[in-house]
Structures are given as structure tokens and as C-alpha cells.
Amino acid sequence: MRVFVAGATGAIGGPLIAELLQRGHSVVGMTTSESRAKNLEGQGAEAVIVDAFDAPAVEAALRRSKAEAVIDELTSLPNDPSDMPKYAAGDRKLRIKGG
């Protein structure tokens, strides 16, 4: 199955991409940076660099991907859980408006 994952390089998306690829799926991962896109490609996924708040760009990426399934794992979580209060507002905005 061809799967599009928004938030492919985040705390949840990273392990999900690995699992999807291991199970033989074709994966297109959406991320926001060139370095993270290269990491996705190194794993065997296709990568698209898109700002989740740019709805037309997200739609275009989805259409180009020809995905059969879409998984939204958009988050903005810190590496250190004690930093969550600083990230909470951005994470909420990303999940609500980006997703």
C-alpha cells in the first residue's frame, strides 16, 4: 500500500515510518527540512518538504503522492518532556490547524 505520513520525522512519525517500510509499504513522508528529508530517503521512503500550515502545498503534495492512505502524525514535541510547557501552544496549533 502507498502511505502518506504527515509528521514523518517526529516523535511518533519516525518509528511509524520504520514499521511501515518493514512491512513492505511504499511510504511518502512529509517533513519541514532538507536534513530530515534526507534521513527519510536514507530509510527508503520518499520525502516531501512541506509547511503543514500551507494548505495548498499540503494538498498538492498529497495529490502528487498518489497515496492510498494518509496518516496525520503532526506534532511539535520537545526531546525533553520537561520542556513541554514551552512547546504546548505550538504543538496544539500544529495539531489543530496543520492537521
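Predicted model: local features only at pLDDT ≥ 70, side-chain atom pairs only at ≥ 80, totals over all residues.

How many salt bridges does a search of the whole structure find?

Reply: A search of the whole structure finds 3 salt bridges, a salt bridge being a side-chain nitrogen of Lys or Arg within 4 Å of a carboxyl oxygen of Asp or Glu. Residues are numbered from 1 along each chain as its sequence is written, and side-chain values use heavy atoms, with hydrogens and water left out. The mean pLDDT of the protein chain is 91, and 98% of its residues reach 70 or more.

Side chains of opposite charge can pair when their charged atoms come close. In one of the bridges, the side chains of Glu-46 and Arg-2 meet at 2.8 Å, N to O. This pair links distant parts of the chain, with Glu-46 in strand E3 and Arg-2 in strand E1 (residues 2–6), 44 residues apart; helices (H or I, at least four residues) and strands (E, at least two) are DSSP runs, numbered from the N terminus. Arg-2 counts as buried at 18% relative accessibility, whereas Glu-46, at 41%, counts as partly exposed; buried means under 20% relative accessible area, exposed over 50%, and partly exposed in between (1.4 Å probe, protein chains only). Arg-2 is also among the residues in contact (heavy atoms within 4.5 Å) with Ser-65, along with Phe-4 and Val-28, once neighbours of Ser-65 within four places in sequence are left aside. Ser-65 is itself buried, with a relative accessible area of 4%, and is found in helix H3 (residues 55–65).

Because Glu-59 and Arg-63 are 4 residues apart in helix H3, about one helical turn separates them. Glu-59 counts as partly exposed at 40% relative accessibility, and Arg-63 counts as exposed at 60%.

In another bridge, the side chains of Arg-23 and Glu-19 meet at 2.6 Å, N to O. Arg-23 sits in the loop between helix H1 (13–22) and E2 and is exposed, with a relative accessible area of 62%, while Glu-19 is partly exposed at 33%.

Technical notes: pLDDT = per-residue confidence, 0-100.
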